[in-house]
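Take a look at the model below.

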Amino acid sequence: MYLALLVFFLQCSELYTQERVFTFNTVEIKVQPSVKVKNGAPMSIVCRADISKSTDFQLKHNFTIFKDGKLVFMTVSNKGDAQYEIPMARSSDTGEYECTVEAGGKTKSSNSLHVWVTGMTKPILTAEKKEVLEGEVVKLRCELPEEVPPLHFLFRKIKMNSTPKEKLVFEPYRNFSVVEFSVEEGDNILQFDCFGRRNVKLEFESSEYSNKTLVTVREPFIKPTLNAKPSSNITEGDRIQFECSTVVARMHDIEIILQKNRTILNSIVYKYVHEYSVQDEKLLKYSAVATLEDSGEYLCKVEQGRASKTTKLNVVVSELFPKPILAASMSKLDENKELTLSCSISGFRKANFSILRKNPNGDIWLKNSRNLTMRVNVNDTGSYICKAEVKGIVKQSRPVRINVYAPVSKPTLSVVSGLPEVVLGKPLRLICRSVMGTPPITFTFYKGNNEVKKVVINDTYATFLDENIRPNDKRGYKCDARNNHSSGMKTSNILNITVIVPIRNASLGSIPYGEVEDGSETAFLCSVKEGSWPIHFRIFRKTDRDVLLFEKSENADRVVWRKEAMNRQDTGTYYCMASNRANVDVKSHPITISVILAAWQKGIIAAFVLIPIAGAATLTLWWFLCKKKKAKGPSMEMSGSALATNLTSEKLTRQHNDGDYYTGSSYIEDSENHMKSTDESNGPDLESAEVEYTEVEVSTLDPHRAPEQKGTETVYSEIRKS
């Protein structure tokens, strides 16, 4: 029974589930009346869900509307749509809208929709002060209360009969901005306004202009007046006085300045604060004796903080007398000559004259007179002036340059490096010096008779660089020097230069060449193909550290060195080096010398080799004869065999143990080894070899088998010891 009920409930549950199947087809978002809405107009955001159901059943919908990713509206409804009402659209409502619907555990979102609320609210402009002084600032605030940053604000300062001044400010995080405008000279009644601007979809949208704010400007002082007494047209020598004045309404750090061009002549500062109901006049005075240099434009300036007002006055000073003129009898002259200086004023004779010489530390007074005559020396070279004074006005002439010349001395020509020589291919630097003489001096260099350089220099020497040195050049150089002295030109002595040709292609040879007999003489020849004398020759033998064997300097292109007795230690590689004053070592190719045995040494070695061979041959012949004799008499051999065998065995055993006995081919082989050893190490003294003689007893048997007879037969055998 319980099993039947369980099956029944499961079937009912499946039927209920099949009846509540649904799916989202689309979710849409729309704006009414359109995606572009005027600022202040009503606006509705409508979200609609299109859902398909298996049966007709109630389904709750959760509607959520987002603007630029932020939640702005949420509602729950049994209907398939929802509406977000905005009674008065503002520009802050501009943005990307999106709708999301959730039902029965399923969620679906619409596409985003851009809504643009066109137009911006009117900005509000306020000024911190309604009345300001010249030099102060006006602080303004422009606000867009219903707008959302980022915003741009544009402020305008409007003045009568002039172009408005504008200031643009970007505010990324707030909907208002504050700026300051300075109040300048001439500002009277000022008007200010502003407007806002924002960026929508890469397009700028601007608000209307704000209300106009009026600011009144007052002067802290009036424009100054500048007067010159007795007149702005005056003659030099007369006293002139300047008066700069202004009327001040409010005293606070008022400064009055009088200046000409960029030079301040006088100034005064009033540093106290006081409000005057009656305006007060302030005055600045300046006086001086007028000169021609005082002609020009003068400026009176009054300043207080940022406020500044100026007045200009042009002054003309007439000339009382012209500048004096200084004349010289001559501007270039020899020392010990007479010089006359004269000072004059064109069309004017009544003046006090003085003549001076210019000096960096102060002009040097020479004479209070119109004329000056003196005998000059070199130290009198310089610039001279004269001064004239009339009615306290002193004027100075233009300077006159006087040059006094001492004659040049005979120049000396030398090589900068010292020695009068040059290496071929290297440059030659010459110096021409004249110890005496007033610059500028003209130096001329000659190579042979050809002029190669001419230079004018403010010094007592000049240099010449000859970079074209050849072996066949004319090697005589000279120079001359002259200045503005009347004595004329002086010429140096001729300088002869030695051209040093560097060493080229050193070579080494020997006689005999290659193989040299021990004890013989060898001649080494070191030579060069080219090079200036003397030449320094050196001959070396190569070892771990090259050994210098010979050196000599010769006024020749070769040198011979004779080595009288060569020995085996002289075998090796030789080379030579050659150098001269060019200081370049030139190395030859190496040669190899082998020291071999002399002919007489070879003969001695051959003799000592042949004598043992002859001895061996003699022993061999003796052995052969003995053997033949034994073949003829066997009985005698047998009868004496015991004794002979014993004696011979004993003697041979002793001789073999001593190592002094050689037979047959072994002796020849040892002799050959002995020659090799002698050749390599010059061998032992062959003449000291010893000869040993051995006596051997031989038993003889009777040919007819007679009783044994004993006898002695002596056989001599040479055993050579080394």
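## A charge over a ring

The charged end of K106 sits over the ring of F22, and 4.8 Å separates it from the ring centre. This is a predicted model. K478 is placed over the face of Y446, at 5.4 Å from the centre of that ring.

## Aromatic pairs

Searching the whole structure gives 11 aromatic pairs. One of them joins F22 and F24. This pair is edge-to-face, with 6.3 Å centre to centre and 75° between the planes.

Are F22 and F24 buried or exposed? F22 has 9% relative accessibility, so it counts as buried. F24 has 12% relative accessibility, so F24 counts as buried too. The cut-off for buried is under 20%.

Elsewhere, ring pairs link a cluster. Its members are F524, F550, W561 and Y574.

## The transmembrane region

An unreviewed UniProt entry lists residues 604-626 as "transmembrane region". What does the model show over residues 604-626? The chain there is 100% helix and 0% strand.

## Confidence

The chain has a mean pLDDT of 80. A value of 70 or more is reached by 82% of its residues.

Two stretches call for care. Over residues 12-17, pLDDT stays under 50. The model has 0 contacts beyond four places in sequence for residues 12-17. Over residues 635-722, pLDDT also stays under 50. For residues 635-722 the model has 86 contacts beyond four places in sequence.

Key. Residues numbered from 1 in each chain as written. Predicted model: local features only at pLDDT ≥ 70, side-chain atom pairs only at ≥ 80, totals over all residues. Heavy atoms only, no water. UniProt positions renumbered as here; feature names shortened; annotations may be inferred. Helix = DSSP H or I, 4+ residues; strand = E, 2+ residues; numbered from the N terminus. pLDDT = per-residue confidence, 0-100. Contact = heavy atoms within 4.5 Å. Phe/Tyr/Trp six-rings, centres within 6.5 Å; stacked < 30°, edge-to-face > 60°. Buried < 20%, exposed > 50% of the residue type's maximum accessible area, 1.4 Å probe, protein only. Lys NZ or Arg CZ within 6 Å of the ring centre and 35° of its normal.
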